[in-house]
Amino acid sequence: MTVAMIVRALLYILLAPFIGALLSGVDRVFSARMQGRVGPPIIQPLYDVNKLLHKQTTVVNSIQVLFVTVYLVFTIFTGTLFFAGGDMLLVFFALSMSEVMLVLAAFSTNGPYSIMGAQRELLQMMCYEPMTLLVAIGFYYANGSFMVNDLMKAELPAIAQIPGFFIGFAFILIIKLRKSPFDLSTSHHMHQEMVKGLTTDLSGHNLAFVEIAEWYDTVLMMGIVGMFFVTSNPISYLWAVIACAVVFFLETLIDNLFPRVKYKTMLIVTWSVILVFAGTNLLILNVLK
């Protein structure tokens, strides 16, 4: 492991929660402006988590604490592996494991709303997991390697060869970032019919850990979006940042425009988008190869 890889990994560990919190704050401000409200300050998510960390934590059982902690650790590990230039396939497998830990934490409570949220989370995973695997395959087709370090040295941006994969990944980010119309398992907004669903029975530092993990996850997702534009040319990093900003804004816009749908609609729509865009792109790549 080179010094640059270690530095990138440390920067992610130290800075990602603050960047993720700021993105969450920006999301709230955007949403408020779209609804004609002033909204909270951008650093409000940091205030919220600080308050949670100082509140009394009520747990249903001790295994719940273990699952939530492992969820946070796996999420940090996943992002660290990505920004250190590791294997893209391993990144997505580790990401899946972190999601499984959160689902197990919800199931362990035996609370009706938590269990409903966990079941819906599994359905959501069925929607976005195929696309994340296809993204790794797409990067391999584009640059001949699963290693992020190798992908960063490409002469041509991956978006030029796998635009269908980019569209598919941007689409499933609606689910990953828990945006309407696909925020079925839990929501950042107060419009869930099952309270907070997946996180209903979490409180205190356990709920704070989930929020922090989501900040890390948001930065990782934006990093993957940026990878579609990164090349060996340093100016490509500017294009990557612009792409991340545009995608993040579009996700927030969609969140405020569309009402939540039922799980069957989510399954049909997401798999259709994956097949049409990523599937067609993969077929074209196979023909050209």
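Visitor: By class, what is in the lining of the second largest pocket?
Guide: Its lining has 23 nonpolar, 2 polar and 1 charged residues. Ala, Val, Leu, Ile, Met, Phe, Trp, Tyr, Cys and Pro count as nonpolar, Asp, Glu, Lys and Arg as charged, and the others, including Gly, as polar. This is a predicted model: local features need pLDDT of at least 70 and side-chain atom pairs pLDDT 80 or more, while totals for chains, interfaces and linings use all residues.

Visitor: How much space lies in that pocket?
Guide: The second largest pocket holds about 760 Å³. A pocket is an open set of points on a 1 Å grid, with protein on both sides within 12 Å along at least five of seven lines; a cavity is a set where a 1.4 Å probe fits but cannot get out, and lining residues have an atom within 4 Å of a point. Volume is the space filled by probe spheres on the points.

Visitor: Which residues are closest to the centre of the second largest pocket?
Guide: F83, V219, M222, G223 and V241, out of 26 lining residues.

Visitor: And which elements give two or more residues to the lining?
Guide: Four are listed: α1 (3-34), α3 (62-83), α8 and α9 (236-257). The largest share comes from α1, with 9 residues. Helices are DSSP runs (H or I, at least four residues), numbered from the N terminus.

Visitor: Changing topic. How many cavities of 30 Å³ or more are there?
Guide: The structure holds 1 such cavity. The volume of the largest cavity is about 50 Å³. It is lined by 10 residues, and T186, K196, T199, E211 and E214 are the closest to its centre.

Visitor: What classes are in the lining of the largest cavity?
Guide: That lining divides into 2 nonpolar, 4 polar and 4 charged residues.

Visitor: On to helices. At what angle do α3 and α4 pack?
Guide: At about 165°, with the two axes 8 Å apart. That makes α3 roughly antiparallel to α4, the term for angles over 145 degrees. Axes are lines fitted to C-alpha atoms, and angles run from 0 to 180 degrees between N-to-C directions.

Visitor: Is the crossing of α3 and α4 left-handed or right-handed?
Guide: α3 passes α4 in a left-handed crossing, where the near helix is turned anticlockwise from the far one by less than a right angle.

Visitor: Which residues make the contact?
Guide: Among them are F67, F74, F77 and F82 of α3, and L90, L95, M101 and L104 of α4. Contact means heavy atoms within 4.5 Å. By class, the α3 and α4 contact has 18 nonpolar, 4 polar and 1 charged residues.

Visitor: What about α4 and α5, what angle do they pack at?
Guide: About 180°, and their axes are 10 Å apart; α5 covers residues 112-143. So α4 is roughly antiparallel to α5. Their contact divides into 16 nonpolar, 4 polar and 3 charged residues.

Visitor: And where does α4 meet α8?
Guide: F92, L95, E99 and L102 in α4 meet V210, D217, L220, M221 and I224 in α8. This contact has 7 nonpolar, no polar and 2 charged residues. The axes of α4 (residues 88-107) and α8 (residues 204-227) come within 13 Å and cross at roughly 155°, so the two are roughly antiparallel. Their crossing is left-handed.

Visitor: Which residues does the cis peptide bond join?
Guide: S180 and P181, with omega about 15°. P181 is in the loop between α7 (163-176) and α8.

Visitor: What is phi of N110?
Guide: It is near 60°, a positive value in a residue other than glycine. N110 lies in the loop between α4 and α5. Residues are numbered from 1 along each chain as its sequence is written, and side-chain values use heavy atoms, leaving out hydrogens and water.

How values were computed:
Angles under 35 degrees count as roughly parallel, over 145 as roughly antiparallel, 65 to 115 as roughly perpendicular and the rest as oblique.
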